[in-house]
Amino acid sequence: MANPDLAVASEGFPPGVNVLLGNGDGTFRAPAYYPVGTNDPFVAAGDFNNDHKIDLIVPDYRYGTVYVLLNTGAASFLPTTPLNFNKQATGTTSAPQNVTLTNTGKTALSIASIKVAGQFAVTSTCGKSVAAGANCKISVTFSPKTQGPKSGTVSIIDSASSKPQVIELSGTGT
């Protein structure tokens, strides 16, 4: 018998989906958080890209959009939560926060680009490809130009998904 998993939509802050993998004994592992949308009260499962793996779909009622989270099984991120830089003085740069990208697939993961949006900067050790079973580090810093809350994203275009994989970023300029 397969281990049932659980996907739970989160309307709160931050909005998104928590996926809890089943242990096979009625208990679940700690949730992996996937940030999507702004008002996500529902999540549905199905094979949306015909690869015989269960994917998730999340409607965002605030903007009338639908997010599809494809289960490519080829890349994972740690931590799975958004990066929060809290308070940072304007005109200064924070210490870096790191995300580990692991290629969990059986072939090399090709990386076309890693780009940042907002008042953040990104560097990485990933290069153009990550070997099967290997990992690399993505480092992000926050440099607020003005006071107040700031948000941004790191977008990764790779061979694991037909859509960019996104790491959400937040911080407050003081």
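A search of the whole structure finds 3 aromatic pairs. Rings of Phe, Tyr and Trp (its six-membered ring) pair here if their centres lie within 6.5 Å, and planes under 30 degrees apart count as stacked, over 60 as edge-to-face and the rest as tilted. Before we go through these rings, a word on the ground rules. This is a predicted model, in which local features need pLDDT of at least 70 and side-chain atom pairs count only at pLDDT 80 or more, while totals for chains, interfaces and linings use all residues. Residues are numbered from 1 along each chain as its sequence is written, and side-chain values use heavy atoms, with hydrogens and water left out.

**The aromatic cluster**

Two of the pairs share Phe-85, and the table sets them side by side.

| Pair | Centre to centre | Angle between planes | Class |
|---|---|---|---|
| Phe-85 and Phe-120 | 5.8 Å | 50 degrees | tilted |
| Phe-85 and Phe-142 | 5.9 Å | 40 degrees | tilted |

Where do these rings sit in the chain? Phe-85 belongs to strand S8 and Phe-120 to strand S11, 35 residues apart, so that pair links distant parts of the chain. Phe-142 lies in strand S13, so its pair with Phe-85 ties together parts that are 57 residues apart in sequence. Together, Phe-85, Phe-120 and Phe-142 form one aromatic cluster.

**The disulfide**

Counting pairs of cysteine sulfur atoms within 2.5 Å as disulfides, the total comes to 1 disulfide. Cys-126 and Cys-136 form it, with their sulfur atoms 2.0 Å apart. Cys-126 is in the loop between strand S11 (120-124) and strand S12 (129-130), while Cys-136 is in strand S13 (residues 135-142), 10 residues apart. Why is this disulfide called right-handed? The torsion about its S-S bond is about 80 degrees, and the disulfide is right-handed because of that. Cys-126 counts as buried at 4% relative accessibility, and Cys-136 counts as buried at 6%.

**Strands and sheet**

The protein holds 0 helices and 15 strands. Both are DSSP runs, numbered from the N terminus: helices are H or I with at least four residues, strands E with at least two. Strands of a sheet pair through backbone hydrogen bonds, either parallel or antiparallel; two strands count as paired if DSSP finds at least two bridges between them. An open sheet of 5 strands runs in the order S8-S15-S14-S10-S12, with mixed pairing. Its edge strands are S8 (83-88) and S12, each of which pairs on one side only. Within it, strand S14 (residues 148-158) and strand S15 (residues 165-173) pair in the antiparallel sense over 9 bridges. Gly-152 stands opposite Leu-169 in S15.

**The whole chain and its confidence**

Of the 174 residues, 32% count as buried. With contact meaning heavy atoms within 4.5 Å, 49% of the contacts between residues at least 6 apart in sequence join residues at least 24 apart.

The pLDDT is the predictor's confidence in each residue, from 0 to 100. The protein averages 80, and 79% of the residues score at least 70. Confidence is lowest in strand S6 (residues 65-69), at a mean of 58, and highest in S11, at 95. Where pLDDT is low, the predicted coordinates should not be read in detail.

Notes. Buried < 20%, exposed > 50% of the residue type's maximum accessible area, 1.4 Å probe, protein only.
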